[in-house]
Amino acid sequence: GRDETLAELRAPRARGFIERNLASIASFLKESAASGKYSKVAGLLQGIEPGARIFGVLLLVAAGAVTAEAVVLAAILCVTVLLAALSRVSLRGLALRVLPAFLFTLVLVVPVFFSFVTPGAEFFGFNAGGVRVAVTEEGTLRALFFLLRVTAMVSPVSLLVMTTGQADFFRGLRKMPVPAFFSTALFMTFRYIFILLKTAEDVNLARRSRTITRAKLAESQRWFASRAAFLLKKSLGTAEEVTMAMASRGFTGRIRTFDNGRLRGKDLLWLGFTSFVFFLSLGI
């Protein structure tokens, strides 16, 4: 009857294919906006000149790549956590950014734990169908070391992304020995990916607002694929129009940014500290 119809309309519907894509796009945009807020906070890293900030983080990453000692990797990880606290960055937010890389690496190194990849002293094991499956001590140490290395290298980069705004990042990148074409292409990609995502969200939301009943999965997938083709065509057209507009205004391929001038004392201290960590990792 009437009461049952009203109850059905008021009840929350299960999320379909389009709803899940809308949620994914909104989640990505929300995460990007949440990360950008830390670049405006008065913290330690935010006060360092962008070029020096980027170069210092690269030195920490290089130290994590060249060292063969777990204590150095642990020290880099502790320094990153301390920098996050001094930069007023949420440790939970930083951990969530590092977690995907950690889980992906964990999946890759799972075979290293076992004796058929890394022979050695058995840590523990079991019989499966007449075959001995054993986890070795050498494999466990090697896998854990690799996980620690990846975490120590990804953490400073994630912290850099969270504490550096778009304008500051490209201003700092301009001072690095990076080809102008690369920095320009990266800037345009970073700039327009959000425009295309917003367009995709608007298209999905328009379809969702005009749908009374949830469409079948196959129909939603076909519609979503057609919209993906539309976005690809739109992106190519937008790229051509933007290129022509920039060329007509005298764009030479180099992005001009505001320069703050010379490095300050705290910038030199930051570079000195990260250089010390790098050379220490070489010597240990």
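Trainee: What covers the buried residues of helix 3?

Mentor: Keep in mind that this is a predicted model. The cover includes helix 4 (70–86), helix 6 (137–163), helix 7 (166–174) and helix 10 (265–283).

Trainee: What makes helix 3 mostly covered?

Mentor: Count its buried residues. Helix 3 has 17 residues, and 12 of them are buried. Among them are Pro 50, Ile 54, Gly 56, Val 57, Leu 59 and Leu 60.

Trainee: What is found at the start of helix 3?

Mentor: A side-chain oxygen of Glu 49 comes to within 2.8 Å of the backbone nitrogen of Gly 51. The cut-off for a polar contact is 3.5 Å. The pair therefore meets the distance limit.

Trainee: Now helix 10. Why is Thr 274 called buried?

Mentor: Buried means under 20% relative accessible area. Thr 274 is at 0%, so it counts as buried. This residue lies in helix 10.

Trainee: Which residues is Thr 274 in contact with, leaving aside neighbours within four places in sequence?

Mentor: Gly 56, Leu 59 and Leu 60. Those three belong to the buried residues of helix 3.

Trainee: Which residues touch the most other members of the largest nonpolar core?

Mentor: Ile 76, Val 89, Leu 94, Leu 159 and Trp 270, out of 27 residues in that core. Helix 3, helix 4, helix 5 (91–109), helix 6 and helix 10 each give two or more residues to this core. Helix 3 gives the most, with seven residues.

Trainee: What does Trp 270 touch, not counting residues up to four places away in sequence?

Mentor: Its list includes Leu 45, Ile 48, Ala 52, Gly 56, Val 57 and Leu 83. There is also a second, separate core of six residues, and Val 109, Val 112, Phe 113 and Leu 147 are among them.

Trainee: On to the strands. How do you know that strand 1 and strand 2 pair?

Mentor: Pairing needs at least two bridges. Six bridges join strand 1 (residues 122–128) to strand 2 (residues 131–136), so the two strands pair. They run antiparallel, and Glu 122 stands opposite Thr 136. Two residues separate the strands in the hairpin. Gly 129, in the turn, has a positive phi of about 65°.

Trainee: What makes the phi of Arg 88 worth a look?

Mentor: Most residues other than glycine have a negative phi. Arg 88 is not a glycine, yet its phi is positive, about 60°. Arg 88 sits in the loop between helix 4 and helix 5.

Trainee: Is Arg 88 buried or exposed?

Mentor: The limit for exposed is over 50%. Arg 88 has a relative accessible area of 57%, so it is exposed.

Trainee: Then why is Ser 115 called partly exposed?

Mentor: Ser 115 has a relative accessible area of 27%, so it is partly exposed. Ser 115 lies in the loop between helix 5 and strand 1. Not counting residues up to four places away in sequence, Ser 115 touches Ala 134 and Thr 136.

Terms used:
Residues numbered from 1 in each chain as written. Predicted model: local features only at pLDDT ≥ 70, side-chain atom pairs only at ≥ 80, totals over all residues. Heavy atoms only, no water. Buried < 20%, exposed > 50% of the residue type's maximum accessible area, 1.4 Å probe, protein only. Helix = DSSP H or I, 4+ residues; strand = E, 2+ residues; numbered from the N terminus. Contact = heavy atoms within 4.5 Å. Polar contact = N/O pair within 3.5 Å; in protein donor to acceptor, adjacent residues only side chain to side chain. Core = buried A, V, L, I, M, F, W, Y, C linked by side-chain atoms within 4.5 Å.
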